[in-house]
Amino acid sequence: MNQRKISASMMCSNLVDLAKTIDIFQQKKIERLHIDVMDGAFVPNFGLGVDYIRGLRDLTDIPLDIHLMITDPEYKLQHIGIKETDIVSVHYESTYQVQRVLDRLRSYGCKCFLAINPATPIYVLEEVLDYLDGINLLMVNPGFAGQKIVPSTLKKAEKLQNFLREHNKEDIALEVDGNITPENAAKLKMCGANIFVAGTSSIFRGTVDDYAANIDVLRAAIK
Ligand code: DX5
Ligand code: ZN
């Protein structure tokens, strides 16, 4: 079983405290920085862009977990600056060419994840399981922090765990993204989740002086 990891959602951090936030994350051995790239078309929000990604790489060696919430990703991958150490999630719902974009993504040598929204059924994964290192299971409709979990997604996580077991694909990582409170994380751990996107529901509560203690609470929940 993959060791359970925290992926800190950088859309929830503030730029004023960014350097201090990164220092805390390095001290607390946060495994990934979750980067929500949003184009205002696939989701009704604009998010972290390629310049932000480039700047963050200059600030820290913590590997990135890039969540592409953009239309037609297959034509835009070359603009992102993808590195082999990255996790990159593309959305099933963002392209007519799911297999083509996963095939292209694999050519970057990164970890290749497919993200699915709450209403997207699990069976859509069937034909592309061989292309996947992981699945990003959206527990909210993506694009905004601070939302409440879509209740049906908890059962969906359980169904996904069974689906992967039936297909002998339990080595595929399961990332959960959206309203991952320590309580929700503890439930999702039982469904095989091993990457937890930590935003305003966990780490980014209070001020930057609270982040270290917030991380300890989340760590305890996913142990
Ligand atoms: C959702 C974003 C996540 C996350 C933010 O579109 O991808 O980064 O929701 O964290 P929360 O939900 O805890 O504010
Ligand atoms: Zn995300």
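**Working through the model**

Analyst: At a relative accessibility of 24%, Gln-147 counts as partly exposed. Please keep in mind that this is a predicted model.

User: Where does Gln-147 lie?

Analyst: Gln-147 is in the loop between strand 6 (134-138) and helix 4.

User: And how far is Gln-147 from Ile-180, C-alpha to C-alpha?

Analyst: Their C-alpha atoms are separated by 10.0 Å, and the two residues are 33 residues apart along the chain.

User: Let us turn to the ligand. How many residues surround ligand 1, and which are the closest?

Analyst: Ligand 1 is surrounded by 18 residues. The closest are Ser-9, Asp-36, Gly-146, Thr-200 and Ser-201.

User: What does the side chain of Asp-36 do there?

Analyst: One of the polar side-chain atoms of Asp-36 lies 2.7 Å from an oxygen atom of ligand 1. For Asp-177, the distance from a polar side-chain atom to an oxygen atom of ligand 1 is 3.1 Å.

User: Which backbone atom comes into it?

Analyst: A polar backbone atom of Gly-143 is 2.9 Å from an oxygen atom of ligand 1. The distances for Asp-36, Gly-143 and Asp-177 count as polar contacts because the cut-off for a pair of N or O atoms is 3.5 Å.

User: How much of the accessible area of ligand 1 does the protein cover?

Analyst: On its own, ligand 1 has 370 Å² of accessible area, and the protein covers 100% of that.

User: What is the largest cavity, then?

Analyst: The largest cavity is the space taken by ligand 1.

User: Changing topic: how many aromatic pairs are there?

Analyst: The count comes to 2 aromatic pairs. In one of them, the ring centres of Phe-25 and Phe-204 are 5.9 Å apart with the planes at 75°, so this pair is edge-to-face.

User: Why does that angle give edge-to-face?

Analyst: Because planes over 60 degrees apart are counted as edge-to-face, and the planes of Phe-25 and Phe-204 stand at 75°.

User: Which parts of the chain does the pair of Phe-25 and Phe-204 tie together?

Analyst: Phe-25 belongs to helix 1 (residues 18-27), while Phe-204 is in the loop between strand 8 (195-198) and helix 6 (211-222), so the pair ties together parts that are 179 residues apart in sequence.

User: Are Phe-25 and Phe-204 buried or exposed?

Analyst: Both Phe-25 and Phe-204 are buried. Phe-204 has a relative accessible area of 7%, and it counts as buried because the limit is under 20%.

User: What about Phe-204 and Tyr-211?

Analyst: Phe-204 and Tyr-211 form an edge-to-face aromatic pair, with 5.1 Å from centre to centre and 75° between the planes. Tyr-211 is buried too, at a relative accessible area of 3%. Phe-25, Phe-204 and Tyr-211 form one aromatic cluster.

User: Staying with the loop between strand 8 and helix 6, where is Val-208 in relation to Ile-24?

Analyst: Val-208 is in that loop, between strand 8 and helix 6. Val-208 and Ile-24 are 184 residues apart in sequence, and their C-alpha atoms are 8.7 Å apart in space. Val-208 is buried, with a relative accessible area of 7%.

User: Now backbone angles. What is phi of Lys-29?

Analyst: Phi of Lys-29 is near 55°, a positive value in a residue other than glycine. Most residues other than glycine have a negative phi. Lys-29 is in the loop between helix 1 and strand 2 (32-38) and is exposed, with a relative accessible area of 62%.

User: And phi of Asp-72?

Analyst: Asp-72 has a phi near 45°, again a positive value in a residue other than glycine. Asp-72 is placed in the loop between strand 3 (64-69) and strand 4 (87-91). With a relative accessible area of 34%, Asp-72 is partly exposed.

Conventions
Residues numbered from 1 in each chain as written. Chains lettered and ligands numbered in written order. Predicted model: local features only at pLDDT ≥ 70, side-chain atom pairs only at ≥ 80, totals over all residues. Heavy atoms only, no water. Phe/Tyr/Trp six-rings, centres within 6.5 Å; stacked < 30°, edge-to-face > 60°. Helix = DSSP H or I, 4+ residues; strand = E, 2+ residues; numbered from the N terminus. Buried < 20%, exposed > 50% of the residue type's maximum accessible area, 1.4 Å probe, protein only. Near = heavy atom within 4 Å. Polar contact = N/O pair within 3.5 Å; in protein donor to acceptor, adjacent residues only side chain to side chain. Areas by Shrake-Rupley, 256 points an atom, 1.4 Å probe, with all protein chains shown as cover. 1 Å grid on protein atoms, 1.4 Å probe; cavity = no way out; pocket = protein on both sides within 12 Å on 5 of 7 lines; lining within 4 Å. Sits in = over half its atoms within 2 Å of the grid points.
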